[in-house]
Amino acid sequence: MCSHYGTHYSSSMIVCGYMIRASPFTEIFLALQGGNFDLADRLFSSIPRAWVSASSENRGDVRELVPEFYYSPSFLINVVRRSQRYIHSETS
């Protein structure tokens with residue numbers, strides 16, 4: 001039997017990954033990660049970067065958009081004031 005997706009396309013980790021800048025999702029994300037943030041390059045940091053990953057670079061990237069993409073752009077703002085980690089650019 002064939003399956004369309006090799007991974008689950010929606011989970012608490014994916015939701016918290018998108019919503020990491022807003023409480024209580026920051027705390028939930030940290031709890032799921034054993035108290036630490038994931039590697040900076042794997043954290044959601046850009047809609048265009050996420051699109052490129054899902055549409056062409058990574059066939060395993062089948063994340064579902066959270067509803068906040070459609071009605072609440074505030075989830076893109078770092079309201080919990082956690083320091084931003086350095087994310088590698090293609091030139092480094």
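Predicted model: local features only at pLDDT ≥ 70, side-chain atom pairs only at ≥ 80, totals over all residues.
Biologist: Which residues of helix H2 are buried?

Modeller: Within H2, which spans residues 25-32, the buried residues are Thr 26, Phe 29 and Leu 30.

Biologist: What makes these residues line one face of the helix?

Modeller: Viewed along the axis of H2, the buried residues fall within an arc of 100 degrees, so they line one face. These buried residues of H2 pack against helix H1 (12-18).

Biologist: Why is the pairing of Arg 63 with Asp 61 called a salt bridge?

Modeller: The closest N and O atoms of Arg 63 and Asp 61 are 2.8 Å apart. The cut-off is 4 Å between a side-chain nitrogen of Lys or Arg and a carboxyl oxygen of Asp or Glu, so the pair qualifies. The structure holds one salt bridge.

Biologist: Which residues make up the largest nonpolar core?

Modeller: That core has seven residues in all: Ile 14, Tyr 18, Met 19, Phe 44, Ala 50, Val 66 and Phe 75.

Biologist: Which residues does Val 66 touch, not counting those up to four places away in sequence?

Modeller: With those set aside, Val 66 touches Val 15, Tyr 18 and Met 19.

Technical notes. Residues numbered from 1 in each chain as written. Heavy atoms only, no water. Core = buried A, V, L, I, M, F, W, Y, C linked by side-chain atoms within 4.5 Å. Buried < 20%, exposed > 50% of the residue type's maximum accessible area, 1.4 Å probe, protein only. Contact = heavy atoms within 4.5 Å. Helix = DSSP H or I, 4+ residues; strand = E, 2+ residues; numbered from the N terminus. Arc of directions from axis to C-beta.
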